Amino acid sequence: MHRFANPARFLRIAAIIQPWAVGIAILSFGAGLWFSLFASPADYQQGESVRIMYIHVPSAWMGMVCYTAMAVFSAMGLIWKHPLADLMARATAPVGAAFTFICLITGSLWGKPMWGTWWVWDARLTSMLILFFLYLGYMALADAFDDAERGQKAAGILALVGVVNVPIIKWSVDWWNTLHQPASVVKMGGPAIDASMMVPLILMAVAFKAYWVLVLILRTRGEIAAAKLRTLRMAQVHAAGQTE
Amino acid sequence: MTRKKRRLYFVILGLLAIGTAAALVLSALRQDIVFFFSPSEIMEAKVPTEGRRIRLGGLVEQGSVVKQGALVHFKVTDGAHSLPVVFEGLLPDLFREGQGVVTEGRMGDGVFMASEVLAKHDENYMPKEVAESLKKSGHWQGEQPK
């Protein structure tokens, strides 16, 4: 694991993965959209509104997967002081926040016609909203200090504390009764979704993950470049100070 | 013990402590986190209902829906008990007999006076044709109390 903490090695591997991530993201998103909008049946209860699920569910997965990844990166940054791990945690935060936001909005749009309400404070919805706030808190905290390292440390601790929310989201629908329906895909006894509806769902999930990998590479590369710039500027200022 | 090891153990112990704390808090607040109570819980007086707004959840009993103008009477069941509900207003799309429902209101004289009715969707997603063929072949598992 530690050998991947080297920024130069990261850049080499990232250069190989990047075109694949682009290709997979475009192909699976195109196919996923086509299947979700045209080539899949309407639901026997929900009718056409079921199509919202093809955005909503993969977004919810992204929210949780990105948060878990962010917590793992933060732990690596805190424990082994890998600067690259901290950069990757920072790069993941806005992606996870955006998908969590999409999940909340699409869920609300689905809830109004199906449940009859935009929002209720049940365990699943509330824990998902908390996840969104955790992302916002992480991003705010990471930038709240003049010393970037201190900000990173504080934000990393917040990410680790907040990770306790992820299993709560996942099992909220089993531990308590909620308005939100129980798990359909990842559950005991196999999925409760018809195969024709599983295809667009999986395609969209793959597309979102590939998109995350791509953004992670681009943003981490940007952060590495920014860190290099900072070091160069510091050296310049230092050199100028010495010649005077 | 190196500093890295110490930080590693610190993080693991911290996570364990936070996890335990969260589990204790959540299990203590159980009654407040559940979104609704079942007819059995209400009728066996396991939850205080006097003068409180509560939510009642379960399945709409087959053949129990009676509409009188804007008033709707139906029964909510969990298999063991069923509780009559009266509601005035618009019902959501998914409201139908045999479907899950969550109503909010007060208990009054053996009848639940609902001021809000929400439909609860189950975890099954399938096209209409599949649902029909399942019903025909007798493998239908939905719309039954758990």
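**Helix packing and chain contacts in a predicted model**

K81(A) lies in the loop between α2 and α3 of chain A, where helices (H or I, at least four residues) and strands (E, at least two) are DSSP runs numbered from the N terminus. The phi angle of K81(A) is near 55°, a positive value in a residue other than glycine. K81(A) is partly exposed, with 15 other C-beta atoms within 10 Å; a residue counts as buried if 20 or more other C-beta atoms, placed from the backbone, lie within 10 Å of its own, as exposed if 12 or fewer do, and as partly exposed in between.

The model is a predicted one, in which local features need pLDDT of at least 70 and side-chain atom pairs count only at pLDDT 80 or more, whereas totals for chains, interfaces and linings use all residues. Residues are numbered from 1 along each chain as its sequence is written, and chains are lettered from A and ligands numbered from 1 in the order in which they are written.

The secondary structure of chain A consists of seven helices and zero strands, so that its elements, read from the N terminus, run α-α-α-α-α-α-α. Along the principal axes, the C-alpha atoms of chain A fill a box of roughly 80 × 35 × 30 Å. Of the 244 residues of this chain, 41% count as buried. Among contacts in chain A between residues at least 6 apart in sequence, 76% join residues at least 24 apart, a contact being a pair of residues whose C-beta atoms, placed from the backbone, lie within 7 Å.

Helix α4(A) has 20 residues and reaches 28 Å from its first C-alpha to its last, close to the 28 Å expected at 1.5 Å a residue, the expected span being 1.5 Å times one less than the number of residues. Among the buried residues of α4(A) are R124(A), M128(A), L131(A), L134(A), Y135(A) and Y138(A). The buried residues of this helix pack against α2, α3, α5 and α6 of chain A, together with α2 (30–33) of chain B.

The axes of α4 (residues 123–142) and α5 (residues 148–162) of chain A come within 7 Å and cross at roughly 165°; axes are lines fitted to C-alpha atoms, for helices over the stretch in contact, and angles run from 0 to 180 degrees between N-to-C directions. The two helices α4(A) and α5(A) are therefore roughly antiparallel to each other, a description that applies to angles over 145 degrees. On the side of α4(A) the contact is made by L134(A), G137(A), Y138(A), L141(A) and A142(A), while the residues of α5(A) include G151(A), A155(A) and L158(A). The residues of this contact divide into eight nonpolar, four polar and no charged, with Ala, Val, Leu, Ile, Met, Phe, Trp, Tyr, Cys and Pro counted as nonpolar, Asp, Glu, Lys and Arg as charged, and the others, Gly among them, as polar.

The contact between the two chains takes 33 residues from chain A and 31 residues from chain B. On the side of chain B that touches chain A, the elements giving two or more residues are α1 (3–28), β6 (111–120) and α4 (128–137) of chain B, and α1(B) gives the most, with eight residues. The residues on that side of chain B divide into 20 nonpolar, four polar and seven charged.

N177(A), found in the loop between α6 and α7 (195–243) of chain A, is buried, with 21 other C-beta atoms within 10 Å. Residues up to four places away in sequence not being counted, N177(A) touches V34(B), F35(B), F36(B) and G57(B).

How values were computed:
Parallel < 35°, antiparallel > 145°, perpendicular 65-115°, else oblique.
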